[in-house]
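User: I would like to study a protein model step by step. Please show the sequence and the structure, and then answer my questions.

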Amino acid sequence: MSAKSVEIIPASETEVLIPLNKLKKSPKNARKIPHSEAVIEAYAASIAAKGIWQNLVVEPELEGEGMATGFYFVTIGEGRRLAQLLRVKRKEIKKTELIRCIIDTANDPHENQP
């Protein structure tokens, strides 16, 4: 029998630092129209100059048995995640760059959309 590591999931609404390579696009993302390349470029330039001013909102990815996989789905902030991935591609940051996120397991990302 192999030992499986168990990840402790912080409480909802907790601010955490998560490595960029542990963030995935959420199937629950509220955005229906994808960000254009120009928008991602602009986000990347802004983040490089000013940093990320607004935390990404994430929820833990769970496997079939409800155990955390160690990855997180980005429910709000996908454009900022994509901008950071572009910065990785350009070798401006590492794929393990820590990203400030808010854990939210209680709210539906569609609730705040017009």
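User: How much space lies in the largest pocket?

Analyst: This is a predicted model, and the value is computed from its atoms. The space in the largest pocket comes to about 360 Å³.

User: Which element gives the most residues to the lining of the largest pocket?

Analyst: The lining consists of 19 residues, and Arg31, His35, Tyr43, Gly77 and Arg80 lie nearest the centre of the pocket. Two or more lining residues come from each of helix H1 (37–50), strand E4 (68–76) and helix H2 (78–89). With four residues, the element that gives the most is H1.

User: Is glutamate 78 buried or exposed?

Analyst: Glutamate 78 belongs to helix H2. Leaving out residues up to four places away in sequence, glutamate 78 touches Lys25, Asn29 and His35. Its relative accessible area is 7%. A residue under 20% counts as buried, so glutamate 78 is buried.

User: What pattern does the protein follow along the sequence?

Analyst: The protein has two helices and five strands. Read along the sequence, these elements give the pattern β-β-α-β-β-α-β.

User: In what order do the five strands form the open sheet?

Analyst: The edge strands are strand E1 (15–19) and strand E2 (23–25), each of which pairs on one side only. Direction ignored, neighbouring strands of this sheet are turned by 55° against each other on average. The pairing in the sheet is mixed, and the order of the strands is E1-E5-E3-E4-E2.

User: In which sense do E2 and E4 pair?

Analyst: Two residue pairs show how these strands meet. Leucine 23 has tyrosine 72 in E4 as its bridge partner, and lysine 25 has valine 74 in E4. E2 and E4 are joined over three bridges, and the sense of the pairing is parallel.

User: Which residue in the hairpin of E3 and E4 takes a positive phi?

Analyst: Strand E3 (residues 56–62) and E4 run antiparallel and are joined by five bridges. Within this pair, leucine 62 stands opposite alanine 68 in E4. The hairpin has five residues between the strands, and the residue with a positive phi, near 85°, is glycine 66.

User: How far apart in space are asparagine 21 and glutamate 97, C-alpha to C-alpha?

Analyst: Asparagine 21 lies in the loop between E1 and E2. Apart from neighbours within four places in sequence, asparagine 21 is in contact with Phe71, Lys95 and Thr96. In sequence, asparagine 21 and glutamate 97 are 76 residues apart. In space, C-alpha to C-alpha, the distance is 8.0 Å.

User: What share of the contacts in the protein with a separation of 6 or more comes from residues 24 or more positions apart?

Analyst: The protein has 114 residues, of which 35% count as buried. Turning to contacts with a separation of 6 or more, the share from residues 24 or more positions apart is 80%.

How values were computed. Residues are numbered from 1 along each chain as its sequence is written. This is a predicted model: local features need pLDDT of at least 70, side-chain atom pairs count only at pLDDT 80 or more; totals for chains, interfaces and linings use all residues. Side-chain values use heavy atoms; hydrogens and water are left out. On a 1 Å grid over the protein atoms alone, a cavity is a set of points where a 1.4 Å probe fits but cannot get out, and a pocket is an open set with protein on both sides within 12 Å along at least five of seven lines; lining residues have an atom within 4 Å of a point. Grid points are joined across faces, edges and corners, and a volume is the space filled by probe spheres set on the points. Buried means under 20% relative accessible area, exposed over 50%, partly exposed in between (1.4 Å probe, protein chains only). Contact means heavy atoms within 4.5 Å. Two strands pair if DSSP finds at least two bridges between them. Axes are lines fitted to C-alpha atoms, for helices over the stretch in contact, and angles run from 0 to 180 degrees between N-to-C directions.
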